[in-house]
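Open the model in your viewer and keep the sequence beside it. This tour moves from strands to a pocket.

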Amino acid sequence: MRIAVTGSIATDHLMTFPGRFADQLVADQLHTVSLSFLVDNLDVRRGGVGPNICFGMGQLGGNPVLVGAAGYDFDEYRAWLDRHGVDTGSVRISEVLHTARFVCTTDKDHNQIGSFYTGAMSEARLIELKAVADRVGGLDLVLIGADDPEAMLRHTEECRTRDIPFAADFSQQIARMNGEEIRTLLEGATYLFSNEYEKGLIESKTGWTDEEILSRVGHRVTTLGSRGVRIERVGEPVIEVACPEEEAKVDPTGVGDAFRAGFLTGLSWGVGLERAAQIGCMLATLVIETLGTQEYTLRRANFIERFTKAYGEEATAELQAHLS
């Protein structure tokens, strides 16, 4: 499968607060919050949902096509992605804007408060998927990740018009989208990705029930944090996959992106949904054990050993040819 991943391209500025956010909030003063957190650490990392997902796919041996907009400061980041198996030939480079920035603080309970500066991401709406498809010889699936909202809408409509299967993955953009926009983005999606909280928010904003949404998409993939993932299809048994055992819990940033990377790679290998979800959970586990969304190293022998421990030898046998 030739998979394109659209989404934000950004630099992450990750900070650690040694206390708990909850201890700083006054219940009857939440309408006038004014807080400043003295943080212990600052790490500047490569990020953005598009590159995060593509990096994970590249680590597994794929060659995903990154689609998004970056600033004139993108050269070093591009070289990094190229070295790790990502096709960056369809990234639009702005002549006037910096690459987007994500600034996030994580407390001791792994709760997070983040802000996002759009920057060059706003130019993603100018990208035409037909040009991407023509360049790479066609597309079998497009994941439409969190990006400039106009770009997300344009990419979705173009996929429908050109009969390209697509996966809807709103993530951080749900908060600023209204019900009509969300309904437009998910209608007809082959896959709908969300976490549990986003799942409820999608239902609340669209006014559609769980069953109504499921009837409008091919597969509903809901990540459940430490409990793994659930995959639902109309008329089919629910698939639930647990997470492998963690060696450490360092930072949750990018865990969802890593799951999507593993899941999409599994689909490209032609394995079933359950196996693809297991690959996604294993890759997500590597990310939570690492500070930064693209700082982990996939050592194949270790990956196979841990995958076997979590899911059994029969599951591993299906992956051996792809991971060797």
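Which residue in β7 is the bridge partner of T105? Select I113: that is the partner. Before going on, note that this is a predicted model, where local features need pLDDT of at least 70, side-chain atom pairs count only at pLDDT 80 or more, and totals for chains, interfaces and linings use all residues. Residues are numbered from 1 along each chain as its sequence is written, and side-chain values use heavy atoms, with hydrogens and water left out.

**Stop one: β6**

Select residues 100–106, strand β6. Strands are DSSP runs of E, at least two residues, numbered from the N terminus. Five of the seven residues in β6 are buried, meaning under 20% relative accessible area with a 1.4 Å probe, protein chains only.

**Stop two: its partners**

Click H13, then its bridge partner in β6, V103.

**Stop three: the second largest pocket**

Select T11, V44, R45, R46, D73, E76, Y77, T99, R101 and E295, which line the second largest pocket. β3 (41–47) and α2 (75–83) each give two or more residues to that lining. β3 supplies the largest share, three residues.

Notes. Buried < 20%, exposed > 50% of the residue type's maximum accessible area, 1.4 Å probe, protein only. Helix = DSSP H or I, 4+ residues; strand = E, 2+ residues; numbered from the N terminus. Pairing = 2+ DSSP bridges. 1 Å grid on protein atoms, 1.4 Å probe; cavity = no way out; pocket = protein on both sides within 12 Å on 5 of 7 lines; lining within 4 Å.
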